[in-house]
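Trainee: Please show me the structure, and then we can go through it in questions and answers.

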Amino acid sequence: MSRAEGLFYHLCRLTLALVFVYAGAVKIQDVVAFAGHVAAYQILPYAMNYLVAATLPYVEFLAGVLLLLNVRVRPALVAIGGMTLVFMAALVSVLLRGLDIDCGCFDPAGGEDVSAGVALLRDVGLMALVALTWFMRSRLTTRSAKCETRGEEALKAR
Amino acid sequence: MTDNLKRIFLEACVLMAFGALFGLTMNHQLVLDAFAGRLVPQRPVGDMQEEPQEKVPLAYPMPILLDEVQQLMTEGGLLIDARSPELFEAGHIEGAISLPLVDIETVLPDFSRRVDRDRTVVTYCSGFGCPDSFDLGMRLIETGYSDVRVFEGGYPEWRDAGLAVAGEGQ
């Protein structure tokens, strides 16, 4: 992997990491308000909104931290990609039902309202970033493996 | 390759399980309250024998969802707005009456004269995170109302669902 490719990989990884660390951290600050945003989607029964609000931000935060530390990158990408797909399905359902709600993607206690349409576009961008990071990471590990094999072969040849 | 993918998915599952478990540990009381505590109607001690099944007095207001509010409205339930008079004037659920928690001492005597104690009442305020509807519900139970519900989604959820609202801002 060239230096530019390496930089691009780290840029993608760090962008995703910061987005998810921030998204998780602000929701952890106010779980009840986030439960309200989950309830506004009108998908889950009453108590399940609290269960999702109590657990989801911690998964987001943990996945973001792993990306930030460059540890277990691909499992973290799978978790982030899976969550983003679920968010997208929920947003599509909101759009189909014509609900005018704030997506609750980030700060649940305040800030500007983000409509489901805008949030969906943002999630498409995040999914693209997940795919790019996965691809770049795969290239990085494949190159490393090839280098190791060549190194071993060179040693044997001596 | 397949083994590698399996391992990655397994690790992702462990990651999510660990995060969820940590979240549950940090918020177990909130989740327990949602699933059991405040959802379970509790009978006051001493009233255990004579009470008929349908009219069990609640120790806590029962949280209900949007569709249940709509159903109760058609069955004669009374919607009560716990927010300040200014917010009520600016916009409220159509058909609701104002009983601001901030002026409860002034407005409650008149309210209790006009509304029967056995009527189903539903309190609401400014959505999740707003405690006024729950506090007002508790106050109504103390006053003797036997069937008190709380709509935690409140005015924002009702309005965002495109349902009928009234007030100056509409």
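What follows is a short exchange on chain contact, helix packing and sheet order.

Mentor: This is a predicted model, in which local features need pLDDT of at least 70 and side-chain atom pairs count only at pLDDT 80 or more, while totals for chains, interfaces and linings use all residues. Residues are numbered from 1 along each chain as its sequence is written, and chains are lettered from A and ligands numbered from 1 in the order in which they are written.

Trainee: Which element gives the most to the side of chain B that touches chain A?

Mentor: Residues are in contact if their C-beta atoms, placed from the backbone, lie within 7 Å. The contact takes 29 residues from chain B and 30 residues from chain A. Helices (DSSP runs of H or I, at least four residues) that give two or more residues on the chain B side are H1 (2–26), H2 (28–37) and H7 (154–160). The most, 12 residues, come from H1(B).

Trainee: What is the strand order of the open sheet in chain B?

Mentor: Strands are DSSP runs of E, at least two residues, and two strands pair if DSSP finds at least two bridges between them. The edge strands, S1 (62–64) and S4 (97–98) of chain B, each pair on one side only. The 5 strands pair in parallel, in the order S1-S6-S5-S2-S4.

Methods
Two residues are in contact if their C-beta atoms, placed from the backbone, lie within 7 Å.
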